[in-house]
Amino acid sequence: MEKYDVAIIGGGSAGLAALKQLSTLGKQAVLLEAGKKVGVKNISGGILYSKKPNKGRVYNVEDIYGQNFVNEAPLQRKITKYLLHATSKDKVFSMDLTAAHEYQSNFGYSVLMNELNAWFAQSADESAQKCGGGIVPGVHVNNISWDDEKERTIIQTDELDEFQVKAVIAADGVNSEVAQITRARPKFSAVQLYQGVKAIVKLPEDIINETFAIGADDGEAHLFAGDITLNHLGGGFLYTNRDTLSVGAVYHFDSLLDSPIEPNTLLDALLKNPMITELIKDEVPVRGKIDKTLEKEKQMQIRFAVTKLIKTWYEIRDVYLSSSRRKELIKTGKFNSEDEIKSKLSETREKMSSQYGIQFKTDYVEDEYGAKLIPDGKRCRMKKPYHKNVLFVGDAAGRGVFVGPRIEGLNVGIDDGVRAANAIARALEKNNFSQGYLGEYYTKSIEESPYTKDMKEIDKEYLKIFIDATKDVPKDILSAKHSLVLKLMSSGAIRSMAAKFVNVLGYERLLPVIESQESYVKVPTELAERSGKTISSSYTPSIPLLADRIAKLNYNDDKVSHIKVLNPNNDFMKKLVMLCPTKCYSEENGQVTIQHEGCIECGTCSEQTDWKHPRGEKGINYRYG
Amino acid sequence: MEPLNLAVIVKLEPDFSEGNVSYKPDGTLNRNETKSTLGPHSGIAAKAAFYAKVRYGAKISVCSMGPPWADIALQQAQQTCDADVLHLYSDRIFAGADTLATAETLKTGIEKMEGKMDIVFSGHRASDGETGQTGPQTAWKLGFTFIGNVISYDVNLEKRTVVAKCLLTLNGVPNVIEEIEAPLPVFLTIDPSYKSNFTTVSQRIAFEKYQKEAYERARNFKQSLKVFNIDELGVDKTLVGLAGSPTIVYQVERIPKGKATRQAEVFDGSNSEHIRKVVAKMREALSAMVIK
């Protein structure tokens, strides 16, 4: 049996950070990733932060991947403006939360996980190979067993011969199978989770710059609450990427279970909001009708020619409307000048309309639909994130900071990854992998992390910034309870005392007051109605049907379902017919059945099913993530 | 232990994939309009050689006889097997060669390569000529033990032998897998159903490492490429090209098209009456499938 020092299960940003850190410390580690390539299974909102807490330290991406990280990594845009919008029909009231976003931050960049994780992987793999380790994609771990007599930990997979390790890092995400195998924690329950759905909207770089009135490298983050929630607890977001937008809806999963609604409907509600419709607006070609009296073969030829022409038009347009790509293609000699690209574009456009009757209309283009469960660190972080010699990091350990508009998961997982790596490196040196020496040490390190503090307590400084940002909100909108809290918190001395009091009382007890119908729906809606600006939409977006969204996704089908329904007639399963983001469940004669083919592995159904990740290389392959 | 020294012989062939192939109105191949690529069977041979790279860290040389633009076949093969060396034998005199003359050129090339070869790989056949003789003839000229239809193999580095599994297909008899152990050097032709199996973590790590290296090497493939003309190769002019080819093709007959046995009906998707008919037909077919 082969022997390695460390196995890392899962190639998300936390697992990769652990691999990079262990390798930097000269330790041998292998990372097993179920996807065909690292990154294809990952999806996030997403913004990647680098933080500088006033007290204590966190491990940031640049600490792990080098100080030149920002220049080398495939980041999208630096978020320079952060806004919260309250919506009601065509009215929007906006608050600037940039100060809250910049609080104790070095930077926040919008990112797309597929390419970012691939970049992390390349860097981590190079370092790992020098220590006799590396990344092995396309491998699904199905069991870990311990032979206490021989002091062996054995990793079993669907694809490879079993092998032996000294320690394990479980970085297999919110639906961690390692957590189930080791029984380190129960599955997360609805009250501990958010469900997020996201659409990637295509929009050329220059149009993004123009629409948002931002520089080529700047980006914006927009959050939404109010009537777009359709009375559920949660909200929407829109982040600018380089030449795409991430538009998504994130909701408390228990709120969705209380009154089930299709996740794509929540996403659509967001896309239909006039402010967002205007932000995603683009010019879209519409195919002309093909003369049916023509010969079948001729009709086919026209159809192919139109497809090819539209593709060419998009390609040239994407180049023309991107300053960096324009320069790049002129430099490589593909085009001689900007004018040449411009004339090529208008030539193609002319051909499209004159020869094939293609028209152009105002609309938007969606490129990818995705979904993910998000563990709410406040409610579900593992108090002891280990079992024997297995350490849990990131989503697998239920860690993330979600406090009001503060939404951080990636940086938390990365910090965990480094801490787990450091703990294991220390254990390797003493060859001591006991719970006392390894697990407890790691727990202590995690507890010291400023992120953990943010999951446990209200930060009164952050609270002040948030309250300052809401100064324009008319106070009489709030209920007596809320306005009293706000009044108390607005004064410096009392705020300190009140925050202390709350933290003594227990943060968790306050959560139902903060995360309520009042804060997500009622107050923002009323606020928008009373003080919002009216925004009118210049067109009606053609929002794709769910079936079309699924049809655009790329799967490597597995004949065998990775999910098994345990109880086909219980209440939870019946609600999944509505709540599964890709409608994998259907009900007939009171029995719920699954068709796993469209599954995007979000885990919405995992709590009450026998839920495994698909075998190596199988399942969803995100292009953006 | 001596490291393994391998060679792969590959061929540039027309790309028969959709969108790249073009036919003349009479149904014959329009070679001018058709792109060229690494032959699919050559690709499988390269894949088999890559197995030895991953398992034994073998040194791999890929060679081909063809026009100057056949270097793209070598590049594609390099991307598959992480070849260390690429040889292209290119000269007008080589033109018009049949399989025997090609074998002579390749044999001379292989013998000229650095070090003694342990295993030479070739594809099962060419996809354009449907010939499968070049491999066996090269083996015969080299004097190597020949093993055909290989579906998997392993090398015993201590004993310096190869153990190969070969697929035997005989009419009317179930397929047989034959296992052959032979001392090196050997010549293997690789069956289309060949599969490399990497079952341990270390093999998979090596696989990823060499694959990355292959990608880098193929990007700069000219650095590993050496082109030989007839003089540089030093081969007997009477044994290569048209002069060295005993085969005479005096006529090519078109393969008659088989008659379609399937009966198709055409329905128009935009016509609701047609859709109704389709649904009725599907219902009929489904009800026939239900086991009562």
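Is B:Val54 buried or exposed, and what is its relative accessible area? B:Val54 is buried, with a relative accessible area of 7%, where buried means under 20% relative accessible area, exposed over 50%, and partly exposed in between, as found with a 1.4 Å probe on protein chains only. The structure described here is a predicted model, in which local features need pLDDT of at least 70 and side-chain atom pairs count only at pLDDT 80 or more, while totals for chains, interfaces and linings use all residues. Residues are numbered from 1 along each chain as its sequence is written, chains are lettered from A and ligands numbered from 1 in the order in which they are written, and side-chain values use heavy atoms, with hydrogens and water left out.

When residues up to four places away in sequence are not counted, B:Val54 touches B:Phe198, B:Gln203, B:Ala206, B:Phe207 and B:Tyr210, a contact being defined by heavy atoms within 4.5 Å. B:Val54 and B:Glu208 are 154 residues apart in sequence, and their C-alpha atoms are 9.0 Å apart in space.

Chain B as a whole contains seven helices and 11 strands, and its C-alpha atoms fill a box of roughly 75 × 50 × 45 Å, taken along the principal axes. Of the 292 residues of chain B, 43% count as buried. Among the contacts in chain B with a separation of 6 or more, 72% come from residues 24 or more positions apart. A further buried residue of this chain is B:His87, with a relative accessible area of 8%, which lies in strand 5 (residues 85-89) of chain B. Its contacts, not counting residues up to four places away in sequence, are with B:Val62, B:Cys63, B:Ser64, B:Leu74, B:Met113, B:Lys226 and B:Phe228. In the loop between strand 9 (173-183) and strand 10 (186-190) of chain B lies B:Pro185, which is joined to B:Leu184 by a cis peptide bond with omega of about 0°.

The interface between the two chains was examined next. In total, 13 residues of chain B are in contact with 17 residues of chain A. The two chains bury about 1300 Å² between them, 54% of it on carbon and sulfur atoms, buried area being the accessible area (1.4 Å probe) that two parts lose on being put together, summed over both. On the side of chain B, the residues that lose the most area to chain A are B:Val201, B:Arg204 and B:Ile205, which together account for 44% of what that side buries. One salt bridge is counted between chain B and chain A, a salt bridge being a side-chain nitrogen of Lys or Arg within 4 Å of a carboxyl oxygen of Asp or Glu. This salt bridge is formed by A:Asp125 and B:Lys212, whose closest N and O atoms are 2.7 Å apart.

In chain A, six strands form an open sheet of mixed pairing in the order 8-3-2-12-21-20, two strands being paired if DSSP finds at least two bridges between them. Strand 8 (134-137) and strand 20 (386-387) of chain A are the edge strands, each of which pairs on one side only. Strand 3 (residues 29-33) of chain A runs parallel to strand 8 and is joined to it by four bridges, and A:Leu31 stands opposite A:Ile135 in strand 8. Strand 13 (residues 193-202) and strand 19 of chain A, by contrast, pair in the antiparallel sense over 10 bridges, with A:Glu366 in strand 19 as the bridge partner of A:Val201. Strand 19 (residues 365-375) of chain A is mostly covered, since 10 of its 11 residues are buried.

Several loops of chain A also have backbone features of interest. A:Gly45 and A:Gly46 are joined by a cis peptide bond with omega of about -10°. A:Leu230, in the loop between strand 14 (218-226) and strand 15 (234-240) of chain A, has a positive phi of about 50° although it is not a glycine, and this residue is partly exposed, with a relative accessible area of 34%. Phi is likewise positive, near 50°, in A:Asn589, which is exposed, with a relative accessible area of 75%.

Key: Helices (H or I, at least four residues) and strands (E, at least two) are DSSP runs, numbered from the N terminus.
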